[in-house]
Amino acid sequence: MNTPADIRAHAAQLLVQVLNGRSLDAVLVNRDESAQERGLLRTLCYGTIRWYWRLQAVLEKLSSQPVNELDAEVRALALIGLFQLLHTDIAPHAAVAETVEAARNLKLSRATGFLNAILRRCQREAENITSLIDQQLSIRTAHPQWFVDQLQQDWPWHAEKILNANNAHPPFWLRVNLQRISRDDYAARLAEQGIIAQLSAHAPEALLLSQAMDVNALPGFDDGLVSIQDAAAQMAAHLLDAQANHRVLDACAAPGGKTCHILELQPALKELIAVDASDKRLRRVDSNLKRLNQNATLIIGDAATPQEWWNGELFQRILLDVPCSATGVIRRHPDIKLLRRSTDIDRLATDQAVMLAQLWPLLAPGGRLVYASCSMLKAENAHVIEAFLAEYPDAIDNTAVLIEKYNLHTIDSKSPGVVIQVGEGEMDGFYYACLDKR
Ligand SMILES: C[S@@+](CC[C@H](N)C(=O)[O-])C[C@H]1O[C@@H](n2cnc3c(N)ncnc32)[C@H](O)[C@@H]1O
């Protein structure tokens, strides 16, 4: 059994790893802990990371020592303590006592006085400090300044809403496998278990649950009745609209959420080829296909160099779900706020443009390529597509026609593609461009 102080100590160790550049998913592996202990660990890790940029500003006001000179685990514990005091309903005396005790567990007894002083001062001065620092948007919404600047430049009218939506609790969406069961029937199965599900106004297979669930508790999950996928991500297969006998390429396929959805919507494809650069991630596509009893050809390959893996047969549909900054899914992966650098964006945009240009010749005349990203930045979305359309006169952007059917609306009607703003219809932030070949 882990004590509450053990959990805080472990959370501090994980936070240090994330601050050193590892993703939260990678470090948050299952250990010997109860569901309740794990719940607390996740709350502390996700919450402290979600609010890191604000907590760091509070710590700077409270600490008599320069914050970047603190021992990494002491700083992490201070941030975790501040998170509990400022953003949770954990009783303040418990938050302080258990966080100080966690320092002893980590053999940091010399830091207990410092932590105690910081946290007690926070209890007394929080209101004064936060009213001062919260005047700055990046601190109030806990995002890095470069991202706030970029978002304000791209979306002057929407930036603050997007930043706030990034801090919301992520919704839990299901995709019902209509090959096996209707959405209404699956919702009824859930209702039998007392689980209330809401229908999406956009994605025809999507159900929104009021809270996250262990997949094993979902009726028929192992049998492939249902998958977990955000409603915005579910739009990809619909916009692609693959028909019977089509050859389809899913160019950056892993872990295969969209691959499987394409096959659910159109089981009579001639072939679906799923390519991904990561062998390890492609194995997840394989296990998802198996669970859903589907078939696809899996290729480890680079979408930017199709000549290395393509057999020369054209595709009627291509989905290019590019690797991106993932700034549309920050509410699910708040560590993006710590891990992503402003310098990443140009590099990603260059790679995205190269992939698009390299895959376009693989598309048959009359075919469609859907470009998708979960970025909220124009550099990775409309700017890539505008440059592409200027260079390839055989490409037509037909997104506007298609999104009407799904009742979607874009926050950028002047540019090609559709921008789904994070939080709209409870969806993740997404960008799609449907490019048809003359
Ligand atoms: C946004 S994720 C794709 C998500 C996937 N389409 C789904 O719905 O489950 C991007 C994927 O691109 C892969 N990737 C990154 N660079 C690549 C490249 N040069 N060629 C092919 N795949 C790449 C990553 O391994 C990652 O799995």
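Let's start with a strand pair: β2 and β3 (residues 206-209) run antiparallel to each other, joined by three bridges. Within this predicted model, glutamine 198 finds its bridge partner in leucine 208 of β3.

Both strands belong to an open sheet of four strands, ordered β2-β3-β1-β4 and paired in the antiparallel sense. The edges are taken by β2 (197-199) and β4 (226-228); each has a single partner strand, so one side of each is left without a neighbour in the sheet. From one strand to the next, the twist averages 35 degrees.

## Domains and their contact

Now for the wider layout. The domain assignment divides the chain into domain 1 (4-138), domain 2 (172-214) and domain 3 (235-437). Taken over C-alpha atoms, the centres of domain 1 and domain 3 are 38 Å apart.

Where these two domains meet, ten residues of domain 1 are in contact with five residues of domain 3. On the domain 1 side, α1 (4-19), α3 (35-50) and α4 (52-62) are the elements that give two or more residues, and α3 has the largest share with three residues. By class, that side of domain 1 holds seven nonpolar residues, two polar and one charged.

## Around the ligand

Finally, the ligand has a shell of 18 residues, and the closest are Cys252, Ala254, Gly257, Ala303 and Asp321. Two elements, α13 (257-265) and β6 (271-276), each contribute at least two residues to the shell. If you like to think in residue classes, the shell has ten nonpolar, three polar and five charged residues.

Technical notes:
Residues numbered from 1 in each chain as written. Predicted model: local features only at pLDDT ≥ 70, side-chain atom pairs only at ≥ 80, totals over all residues. Near = placed C-beta within 6 Å. Nonpolar A, V, L, I, M, F, W, Y, C, P; charged D, E, K, R; others polar. Pairing = 2+ DSSP bridges. Axes fitted to C-alpha atoms, helices over the stretch in contact; angles between N-to-C directions. Domains from an automatic or database assignment. Contact = placed C-beta atoms within 7 Å.
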